[in-house]
Amino acid sequence: MRREISKPIVFIVEDNDAYRVLIGRMLEQRGFLVLLFSDGYKALEMLEFIIPNIILSDIQMPGMDGFTLHEKIETLYPNIKVPFQYISSTTEKNLIDRANSLSIEKLVHKPAKPEELSNILKKAINKFAAA
C-alpha cells in the first residue's frame, strides 16, 4: 500500500556535514520532509526513486558542483521538472550571477536564517507549481 506524503520534499545537497544536518533540522521543524546528500552523485541516484518538490544545493562542492548537478538532472531526466534553489557563501560575482539566473529565487547566502530559508523554499515551490 502506497502512502501519500503531505509534506514538501526537499533534497539538500551540501558537502559540509555540520551545515547539511543543521539546515536539514531547521527545515524539518518547519514542515519539510528532508533528504540529505553530501554530493550531487547521491542526489542524482535518488531521483530514480523520489522526485522532490525542490532541490536546495550548494554551488561549490568537490566532485560535482551545484551547477553541474542541475545540468545533469536536466540531461538525464528531461521529463522531471524540479525547481532548484542555490545556497552558498561565495562572494564571487560570476557565481552569484549564474546562481541567480538558474535558481527559482535569488541565491541564499550562508548562513541562512531558518525562517527566511523556509519561506524562500515555500515561495519557490508555490511559484513553480503555479507555472
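## Crossing of helix 3 and helix 4

The crossing of helix 3 and helix 4 is left-handed, a term for a near helix turned anticlockwise from the far one by less than a right angle, whereas clockwise is right-handed. This is a predicted model, in which local features need pLDDT of at least 70 and side-chain atom pairs pLDDT 80 or more, while totals for chains, interfaces and linings use all residues. Residues are numbered from 1 along each chain as its sequence is written, and side-chain values use heavy atoms, without hydrogens and water.

The axes of helix 3 (residues 66-76) and helix 4 (residues 93-102) come within 11 Å and cross at roughly 30°. The two helices are therefore roughly parallel to each other, the term for angles under 35 degrees.

## Residues between the helices

From helix 3, Phe67, His70 and Glu71 meet Leu95, Arg98, Ala99 and Leu102 of helix 4; contact means heavy atoms within 4.5 Å. Arg98 also lies over the face of Phe67, at 4.2 Å from the ring centre (for Arg, CZ must be within 6 Å of the ring centre and within 35 degrees of the ring normal).

## Aromatic pairs

The structure holds three aromatic pairs, that is, rings with centres within 6.5 Å. Phe11 and Phe37 form a tilted pair, 4.8 Å centre to centre with 55° between the planes; planes under 30 degrees apart would count as stacked and over 60 as edge-to-face. Phe11 lies in strand 1 (residues 9-13) and Phe37 in strand 2 (residues 33-37), so the pair ties together parts 26 residues apart in sequence. Both Phe11 and Phe37 are buried (under 20% relative accessible area, with a 1.4 Å probe).

Ring pairs also link Phe67, Phe84 and Tyr86 into a cluster.

Notes. Rings of Phe, Tyr and Trp (its six-membered ring) pair if their centres lie within 6.5 Å; planes under 30 degrees apart count as stacked, over 60 as edge-to-face and the rest as tilted. Helices (H or I, at least four residues) and strands (E, at least two) are DSSP runs, numbered from the N terminus. Buried means under 20% relative accessible area, exposed over 50%, partly exposed in between (1.4 Å probe, protein chains only). Axes are lines fitted to C-alpha atoms, for helices over the stretch in contact, and angles run from 0 to 180 degrees between N-to-C directions. Angles under 35 degrees count as roughly parallel, over 145 as roughly antiparallel, 65 to 115 as roughly perpendicular and the rest as oblique.
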